[in-house]
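Have a look at the model first, then read on.

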Amino acid sequence: MVSARMVALGITAGVLGIFVAGTAALGGAQAGSSAAVGTESGERTIEDGGTGPYKAIAVSNSSILTHTIYRPKDLSAFGDREKLPILAWGNGGCANSNSGHQNYLSEIASHGYLIVAIGPNQAPGARGARGGPGAGGAAPAAPAPAAAAPAAPVPSGGTLLEAINWATAQNANPQSPYYRKIDTSKVAAFGHSCGGLQAMEISADPRVKTTLVVDSGILNSPGAAPGGAPAAPAAPRGAAPAGAAPGGAPGGAARGGAGGGALPGMPPLTKDHLAKLHSPVFFLLGGEADIAYANGMDDFKRIEKLPVFVANKGVGHGGTFTQPHGGDWAMASVAWLDWQFKANAEAGKLFTGNPPGLAKKDGWTVDKKNIP
């Protein structure tokens, strides 16, 4: 488990280049048939495929082996009448493995979402190259990638931008099984702990229409971070400016601070970054036992002009990811996404009204701003 400072470290931010470079990369990807179309393999069904209307699977795609695709198994249900929103997921501990979150991700996908999650397709309990498993709780098992993945990069906010760019390009390519099945106007960034910071880092990108920050928040006192003075921030992988290292790898010192003061891949955010967010934000926290609680609640209080909702349930920092179908974390996340992206008024009742419907459920405490 990472420390409270490592979970929500904030250092001097320089994120404007993230969405500028990401959008530039997108421009090239939108050329359609020029985008790589990969072969999908290693299909796995998590639990029973989820409780949503579309049974979900996890797969590898040879054109983006650094990520796992969680999606409805039957893509024929999607096209002109219904399309798949894009969800880009970052893991706890800055890990390069989503295996600790797979119950949660599969459940969300079963409700009609395309999730492109950081980390190659692996069996439950497989440990990531950075930071270990995202949530823990599963017995270790041998990794079972469908194809040999490249050397693991350090996941970062830029790795989430790669997910968005890839999905957008697939939608534009007539050779892709995702052609015209994805709604590129509906993009969410979400993540757990360090992954929540990665999601906030890229949420200044104009394509991101909502952000889910799970067990995470920006540290109030970045100068107090261990390891000495912070290093100058480098561009996230996948969003490097012109002249950066080949392949989009970050240049300079490791992200997150000098001297090991933070996990590699942890975004160097300060509270000033909150002013760059432009779309609704959902904070999902594990109550006062969650080591990110104070930072997440402070972020909520500082956001003034956007629709923002915070929900707490006393399950701690590990959330309910490994519970059957992702437990309450999946229930709340699906409801938020269905309200934001599918105009589901019934789901919206959990977040609207006084008190909101979620507050009426056992164990939940909530607060909201700029929401009816």
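Start in the sheet: Leu212 has Phe282 in S8 as its bridge partner. Strands pair here if DSSP finds at least two bridges between them, and the strands (E, at least two residues) and helices (H or I, at least four) are DSSP runs numbered from the N terminus.

Before going further, some ground rules. This is a predicted model, in which local features need pLDDT of at least 70 and side-chain atom pairs count only at pLDDT 80 or more, while totals for chains, interfaces and linings use all residues. Residues are numbered from 1 along each chain as its sequence is written, and side-chain values use heavy atoms, with hydrogens and water left out.

**The sheet**

Zoom out and you get an open sheet of ten strands with mixed pairing, in the order S1-S2-S3-S5-S4-S6-S7-S8-S9-S10. Strand S1 (40-44) and strand S10 (364-369) sit at the edges with a single partner strand each, so one side of each has no neighbour in the sheet. On average, neighbouring strands are turned by 20° against each other, direction ignored. Axes are lines fitted to C-alpha atoms, for helices over the stretch in contact, with angles from 0 to 180 degrees between N-to-C directions.

Helix H4 (residues 157-172) packs on this sheet and touches several strands, among them S4 and S7; its direction makes about 160° with that of S4. Contact here means heavy atoms within 4.5 Å.

Is S8 enclosed or open to the outside? Five of its five residues are buried, so S8 is largely enclosed by the rest of the structure. Buried means under 20% relative accessible area, exposed over 50%, and partly exposed in between (1.4 Å probe, protein chains only). In a regular strand the side chains alternate between the two faces of the sheet. In S8 both faces are covered, with Val281, Phe283 and Leu285 buried on one side and Phe282 and Leu284 buried on the other.

S8 also pairs with strand S9 (residues 308-313), in the parallel sense over five bridges, and Leu285 has Asn312 as its bridge partner in S9. From S8 the chain crosses through helix H6 (residues 293-302) to S9, a β-α-β crossover that is right-handed: with the strands pointing away from the viewer, the path from the first strand over the helix to the second runs clockwise.

**Rings**

A search of the whole structure finds 15 aromatic pairs. Rings of Phe, Tyr and Trp (its six-membered ring) pair if their centres lie within 6.5 Å; planes under 30 degrees apart are stacked, over 60 edge-to-face, and the rest tilted. Two of them:

| Pair | Centres | Planes | Type |
|---|---|---|---|
| Tyr104 and Phe190 | 6.2 Å | 40° | tilted |
| Trp166 and Tyr178 | 5.7 Å | 70° | edge-to-face |

Tyr104 in helix H3 and Phe190 in strand S6 are 86 residues apart. Trp166 and Tyr178 are both buried.

**The disulfide**

There is one disulfide in the structure, joining Cys94 to Cys194 with S to S at 2.0 Å; the cut-off for the sulfur atoms is within 2.5 Å. The torsion about its S-S bond is about 90°, so the disulfide is right-handed. Cys94 and Cys194 are both buried.
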